[in-house]
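Student: Can we go through this one together, question by question? I'd like to see how you get to each answer.

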Amino acid sequence: MSVDQAVTNLLARLESVAARLEKVEKQLVSGASVATSTSAAVSSSSSGAAGSDFVAPPFVGDYQALIDQFIKPLVSAVNSIGLPELKAQIELVQKAVNSQLAFLNVAAQSKKPTADALQKLLEPTSKLMGEISSIRDKNRPSKQFNHLSAISEGIPALAWVCITPTPGPHVDEARSSSEFYSNKILMEFKGKDENQVAFVHNWNTFLKELRAYIKKYHTTEVTWNPRGVDASAATATTTTTTASAGGPPAPPPGPPPTIHLDNDKTSRPDSNALFSALNKGEGVTTGLKKVTADMKSKNRTDKSSVVPAATTSKPTASRATAAAGAAKKGPARVELVGNKWFIENQDNNRSIEINETAPNQSILIYKCDNSVIKISGKVNNISVDASKKTGIVFHDAISVAELVNCNSIELQVTGKVPSVAIDKCSGVQLFLSAASLEAEIVTSKSSEMNVLIPGATPDADLVEIPIPEQYKSLVRAGKLVTETVHHA
């Protein structure tokens with residue numbers, strides 16, 4: 001290297017240091033926190049191999065972009081539709097992704113730590129993930145249980161930072177579990193509440209884009225800085241930054257409410273007079289007035305015991321119009337959007353076939369009447385909603401086949417399915433293959449359900465077994481024991 005070139009490089013570095021000092025001076029004047037700038041200067045000066053200036057790598061900024069693009073709109077949607085438990089859960093989600101962003105910022109400045117040090121770095125995020133799941137477990141009767149489940153099933157995706165050598169597939173598994181519940185939300189609110197749809201879209205897309213982000217920057221594991229400082233030093237710097245940027249502590253809780261006891265005995269009814277009157281025996285009726293013949297209803301001409309028939313009125317035009325509008329369907333649709341097949345508003349269509357399927361795809365069947373649907377291959381799950389007199393034949397489902405608000409449905413599995421859920425249905429015929437005889441069948445608020453299984457031999461007829469609908473409950477040893485009712 002020539003002397004001129006060395007002088008030029010030195011001047012460039014000095015100008016860069018001067019620019020950073022000017023930036024720090026401006027932050028001091030404006031009262032902003034300078035912990036981040038100071039830590040970057042310290043890390044770059046303590047490690048000459050890292051260069052004189054620390055510039056955050058793109059993976060830090062891109063993760064922040066994921067938060068801005070999907071998590072913030074998710075929080076906004078929950079503020080519009082969420083019950084208190086969902087709002088509390090989504091607040092923890094926001095803290096968890098910000099905690100992971102802080103971890104990635106540490107990774108960008110640090111060498112790869114030991115297993116124990118890594119565990120300490122991940123502890124804040126891990127704790128928040130546990131709290132997110134516990135909110136779902138504590139609020140199972142909630143009307144937004146599907147929302148709570150979609151979040152709690154998807155939040156384990158943040159554990160990708162401790163998985164090697166393939167963290168990406170872990171996110172796919174979490175997203176698949178989350179979509180089982182988010183699909184229910186779509187089925188219920190699609191076309192009715194855009195905030196509900198936005199909730200599902202932002203959460204699902206965040207998980208999907210997180211997978212692409214990992215593939216781009218952290219294919220086998222978290223990317224560390226081989227020329228960086230020790231992870232504990234970077235963690236201390238991040239903690240200082242957070243403390244300096246934080247607001248004042250929350251005010252203490254107010255005093256407990258004062259309980260006012262009503263000691264006014266004069267306002268209470270006197271029961272002594274009542275008991276003294278009852279103790280008179282037969283004399284208790286001496287003060288009652290005698291009912292004369294003209295006071296009896298049968299002798300009164302101004303009243304009649306005949307109840308007049310209610311006058312029936314024909315439905316008005318407005319009622320007829322409303323009924324017609326309620327029965328009206330949208331356009332027929334068989335379409336693959338992302339990894340979801342939508343089969344909607346089909347009438348008298350007995351030739352619907354879905355042949356190009358994948359294990360990560362979901363099937364959503366909505367408002368199909370007098371139709372037959374055949375699904376080939378293996379899919380993740382199948383949901384049937386608001387359909388009548390329809391038959392569905394499928395080969396394999398990884399998680400569940402679900403029927404909701406359906407009448408006269410025939411569901412046949414030719415391969416294997418681990419679970420079948422039936423909710424608010426009437427007239428269900430469930431055909432199980434020999435490979436699905438161990439399937440779990442969960443029913444609620446449903447009637448006229450039968451399970452048909454193969455006979456003892458391949459040539460034997462199917463065996464039809466009714467699903468119980470009547471139960472009896474008894475209290476035994478302080479516990480409620482429920483059994484099905486058997487009729488002789």
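Student: Is N370 buried, partly exposed or exposed?
Tutor: This is a predicted model, so keep in mind that the values are computed from it. N370 lies in the loop between β4 (362-366) and β5. Its relative accessible area is 28%, and the in-between class runs from 20% to 50%. So N370 is partly exposed.

Student: And what is phi for N370?
Tutor: N370 is a residue other than glycine, yet its phi is positive. The value is near 50 degrees.

Student: Where does K424 lie, and what is its phi?
Tutor: K424 is in the loop between β8 and β9 (426-431). K424 is partly exposed, with a relative accessible area of 43%. Again we have a positive phi in a residue other than glycine, and here it's near 55 degrees.

Student: Which helix gives the largest share of the lining of the largest pocket?
Tutor: The pocket has a volume of about 760 Å³ and is lined by 29 residues, with N146, K184, E188, E402 and D423 nearest its centre. By class, the lining has eleven nonpolar, ten polar and eight charged residues. Elements that supply at least two residues each include α6 (145-154), β6 (388-404) and β8 (419-423). The largest share, eight residues, comes from α7.

Student: Which residues touch the most other members of the largest nonpolar core?
Tutor: That core has 56 residues, and α3 (58-81), α4 (84-109) and α8 (194-217) are among the helices that each supply at least two. Take F206: leaving aside neighbours within four places in sequence, its contacts are Y63, L66, F70, I71 and V97. The members that touch the most others are Y63, F199, F206, L210 and Y213.

Terms used
Residues are numbered from 1 along each chain as its sequence is written. This is a predicted model: local features need pLDDT of at least 70, side-chain atom pairs count only at pLDDT 80 or more; totals for chains, interfaces and linings use all residues. Side-chain values use heavy atoms; hydrogens and water are left out. On a 1 Å grid over the protein atoms alone, a cavity is a set of points where a 1.4 Å probe fits but cannot get out, and a pocket is an open set with protein on both sides within 12 Å along at least five of seven lines; lining residues have an atom within 4 Å of a point. Grid points are joined across faces, edges and corners, and a volume is the space filled by probe spheres set on the points. Helices (H or I, at least four residues) and strands (E, at least two) are DSSP runs, numbered from the N terminus. Ala, Val, Leu, Ile, Met, Phe, Trp, Tyr, Cys and Pro count as nonpolar, Asp, Glu, Lys and Arg as charged, and the others, Gly among them, as polar. A nonpolar core is a set of buried Ala, Val, Leu, Ile, Met, Phe, Trp, Tyr and Cys residues joined through side-chain atoms within 4.5 Å. Buried means under 20% relative accessible area, exposed over 50%, partly exposed in between (1.4 Å probe, protein chains only). Contact means heavy atoms within 4.5 Å.
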